[in-house]
Amino acid sequence: MTSPLNGKTVVVIGGSSGIGAAVAEQARSRGAQVVLAGRRLSSALHNGLRSEPVDVTDNASLQRLFESVGRFDHLVYTAGPAVQAKNLQDTDLQLAQDNFNVKLWGALRAIQLALPLLDEHGSIVLTSGQLGRKLVPGQFIKIGINAATEALGKQLAKELAPRRVNVVSPGVIDTPAYAGLSEDQREAMYAKVGHALPVGRVGQAYEVAAGYVLAMENAFMTGSVIDIDGGGLL
């Protein structure tokens, strides 16, 4: 069967690696024209994937991105900062604000500026995380950002209809997001987390990417939060 993404244009913001890059590859394999956008990307075309630079904290940068793309069908937002786990009393609130500025406000900026060019029957897929509903000491920044993202996803699904808005909530996924750890530290962390999960391991980027593809392809899905966390919320 032909995918509903065949011939459609998909913009993936935060697609330089990990989940975003996996979403882009899966959308391309279904016949979509894909534009990858991120801070570490330059204007180029690689293996059918067009790359464009963007700074999600800058309205002008986002405006240039969407003007260069023109009319398109689906917006995927996976951009997010590396958040340090700290208690509130030990946290530089300016740094916390910067984290919100990338993942939460960056998504809202992108949506607002994309709307004039986003197809009326297109979709938006945002990214939260299991630390939006799983409470862990020292993780108030991630919990706050992810919980807000999920609430806004549902609100925008009503406000922006007939465009559809969904949120994917990943658990611990083996991606470059943990590149700050040594290989031994990463493997030890993955083993510890995976052992506690019902599926017995952490996830892979391609497994999470399938959730974004589902949200884009399923025209009867909106206002949903798709948990892909190996049972981490159980």
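Mentor: Contact here means heavy atoms within 4.5 Å, and by that test Gln139 touches Ala85, Lys86 and Leu131, once residues up to four places away in sequence are not counted. This is a predicted model in which local features need pLDDT of at least 70 and side-chain atom pairs count only at pLDDT 80 or more, while totals for chains, interfaces and linings use all residues. Residues are numbered from 1 along each chain as its sequence is written, and side-chain values use heavy atoms, with hydrogens and water left out.

Trainee: What makes Gln139 buried, and where is this residue found?

Mentor: Gln139 has a relative accessible area of 14%, and buried means under 20%, exposed over 50% and partly exposed in between, with a 1.4 Å probe and protein chains only; Gln139 is therefore buried. This residue sits in the loop between β6 and α5, where helices (H or I, at least four residues) and strands (E, at least two) are DSSP runs numbered from the N terminus. Its C-alpha atom is separated by 22 Å from that of Arg201, 62 residues apart along the chain.

Trainee: Why is His74 called buried, and which residues is His74 in contact with?

Mentor: The relative accessible area of His74 is 6%, so this residue is buried. His74 belongs to strand β5 (residues 72–77), and, with neighbours within four places in sequence left aside, its contacts include Leu5, Val10, Leu118, Arg164 and Met216.

Trainee: How do you know which class Gly171 belongs to, buried or exposed?

Mentor: Gly171, in the loop between β7 (164–170) and β8 (173–174), has 16% relative accessibility and therefore counts as buried. Leaving aside neighbours within four places in sequence, Gly171 is in contact with Gln130, Ile228 and Asp229.

Trainee: What makes the pair of Asp227 and Arg133 a salt bridge?

Mentor: A salt bridge is a side-chain nitrogen of Lys or Arg within 4 Å of a carboxyl oxygen of Asp or Glu, and the side chains of Asp227 and Arg133 meet at 2.5 Å, N to O. Asp227 lies in strand β10 (residues 225–228) and Arg133 in the loop between β6 (118–127) and α5, so this pair ties together parts that are 94 residues apart in sequence. Asp227 is partly exposed at 37%, and Arg133 is also partly exposed, at 40% relative accessibility.

Trainee: Why are α3 and α5 called roughly parallel to each other?

Mentor: Helix α3 (residues 93–103) and helix α5 (residues 140–159) pack at an angle of about 30°, with axes 10 Å apart, the axes being lines fitted to C-alpha atoms over the stretch in contact and the angles running from 0 to 180 degrees between N-to-C directions. Angles under 35 degrees count as roughly parallel, over 145 as roughly antiparallel, 65 to 115 as roughly perpendicular and the rest as oblique; α3 and α5 are therefore roughly parallel. Leu93, Ala96, Asn99, Phe100 and Lys103 in α3 meet Phe140, Ile141, Gly144, Ile145 and Asn146 in α5.

Trainee: What makes α3 roughly parallel to α4?

Mentor: The axes of α3 and helix α4 (residues 105–114) come within 3 Å and cross at roughly 30°, which makes α3 roughly parallel to α4. Phe100, Asn101, Val102 and Lys103 of α3 make this contact with Trp105, Gly106, Ala107 and Arg109 of α4.
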